[in-house]
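Good morning, everyone. Please have a look at the model first.

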Amino acid sequence: MENQINKDDPVIIVGAGLSGLRAASLLRSKGINFIILEARDRIGGRVLSVEVEDKPELGKFDLGPTWYWPRYEMAMNRLVDEFGLQTFEQFNEGSMLFERSKNEPPQKHDLSAESMEYSLRLVGGVQSLIDALASKVPPEALHLNTKVTSIQQENNNRVKVQTNGGGFYASSVILALPPRIVEQDIRFKPEIPSDLKSNFTDKPTWMAGQAKVIAVYDSPFWRNQGLSGFVSSRVGPLQEIHDASPSTGSGALFGFFGIPAEVRISVGKEQLLELVLEQLTRLFGPSAMEVRSILYKDWSIDTHTASKKDGEPLREYPNYGPLLEGKSWFSNIYFAGTETAHWHGGHLEGALQSAESVVNEVIRHYD
């Protein structure tokens, strides 16, 4: 049966991350009424650009996604151009380091220009893109601290969305959340069929098992040593390190842990950061001890991002893509987010492409 949208009710977008905000901006451009329900007390979802406390002059640093690849990611290119956002190239000049053992110096490797894919970062962090999209959302349409608990199909294609603070009626619902969070936190009537539920839980949430640390310095001193800041380590605790310096001013190094989430939690943040500083000093010398601040985010303990199943480390790239794959379940519910993208799943580009695809589908049924 063809889905007929009731225009008297708004489209409800669940989640104010990149995908949800992009969906909102597209709906507004078509004159379609919407509201956004966000469980957090902030917008951005897994995008998180932060300043060092009481030291804004040092710049903003991304504890979530950091860069994009302009040769392949057209949706990102279009938005950056549309909003006039400033970009700069990810720094990769100089030697990389390969750490095999704590007892011997790291090996230096000179990489060719072609060995590292050309990538760009946003001045002010990826949050600048979030803020630009949010500027297209009327303040009254955004509801923070509003967690959706249940979604029920009612007569006349109306959908009732229940939250921790009350209920809303929708013409359609766009769920811009990780599929595992949808399955874990939201009750549906009619219930999710078992085969679709399995599809939800089989899509790991990108970054959910990861933690990210950023060491901030007065300047990127490693560049004077002929180093790019790129490190691969078999020793850890950081398995992969990159230059995270802003376009001007201070310097920064960020790293991903090779330690599983449960081990990080058992070790504790304080000891973990001591081990990080010890590793950076081994790699880059005494100057690494002169850190201005260490920023840390463990996504595995963020209950709006990670489900219980996301504690398992990813051993291969996930098989992302649409959840429903043509199957009928809820007549006017849609899924957006990087885990549901046809291409570029796990990237900022995937979140944008998914939102654009879903909104096109909503619009087709709206006319």
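**Helix packing and the core**

Let's start with a pair of helices. α2 and α3 pack at an angle of about 65 degrees, and their axes are 11 Å apart. Keep in mind that this is a predicted model.

Why do I quote those two values? Two packed helices are described by the angle between their axes and the distance between the axes.

How are α2 and α3 oriented to each other? An angle from 65 to 115 degrees counts as roughly perpendicular. So α2 and α3 are roughly perpendicular to each other. Their crossing is left-handed.

Who makes the contact? From α2, we have Met76, Leu79 and Phe83. From α3, we have Leu129, Ala132 and Leu133. Sorted by class, this contact has six nonpolar residues, no polar ones and no charged ones.

Now the next pair. α1 and α3 pack at about 30 degrees, with axes 9 Å apart. Angles under 35 degrees count as roughly parallel, so α1 is roughly parallel to α3. The crossing of α1 and α3 is left-handed.

On the α1 side, the residues are Leu18, Leu21, Arg22 and Ser25. They meet Leu129, Ile130 and Leu133 of α3. The classes here are five nonpolar, one polar and one charged.

Is α3 mostly covered or mostly open? It is mostly covered: seven of its eight residues are buried. They are Gln127, Ser128, Leu129, Ile130, Ala132, Leu133 and Ala134. What covers the buried residues of α3? The cover includes α1, α2 and the strands β3, β4 and β9.

Let's zoom out to the core. In soluble globular proteins, nonpolar side chains tend to be buried together. Here, the largest nonpolar core has 44 residues. Ile13, Leu27, Phe34, Leu129 and Ile174 have the most contacts inside it. Elements giving two or more residues to this core include α1, α2 and α3. Which element gives the largest share? That is α8, with nine residues.

Take Ile174. Leaving out residues up to four places away in sequence, Ile174 touches several residues, among them Val11, Ile12, Ile13 and Val14. Its list also includes Leu27, Tyr334, Val358 and Val362.

One last stop. There is a second, separate core of 24 residues. Ala170, Val182, Phe188 and Leu324 are among its members.

That's my tour. Thank you.

Terms used: Residues numbered from 1 in each chain as written. Predicted model: local features only at pLDDT ≥ 70, side-chain atom pairs only at ≥ 80, totals over all residues. Heavy atoms only, no water. Core = buried A, V, L, I, M, F, W, Y, C linked by side-chain atoms within 4.5 Å. Buried < 20%, exposed > 50% of the residue type's maximum accessible area, 1.4 Å probe, protein only. Helix = DSSP H or I, 4+ residues; strand = E, 2+ residues; numbered from the N terminus. Contact = heavy atoms within 4.5 Å. Axes fitted to C-alpha atoms, helices over the stretch in contact; angles between N-to-C directions. Parallel < 35°, antiparallel > 145°, perpendicular 65-115°, else oblique. Left-handed = near helix turned anticlockwise from the far one by under 90°. Nonpolar A, V, L, I, M, F, W, Y, C, P; charged D, E, K, R; others polar.
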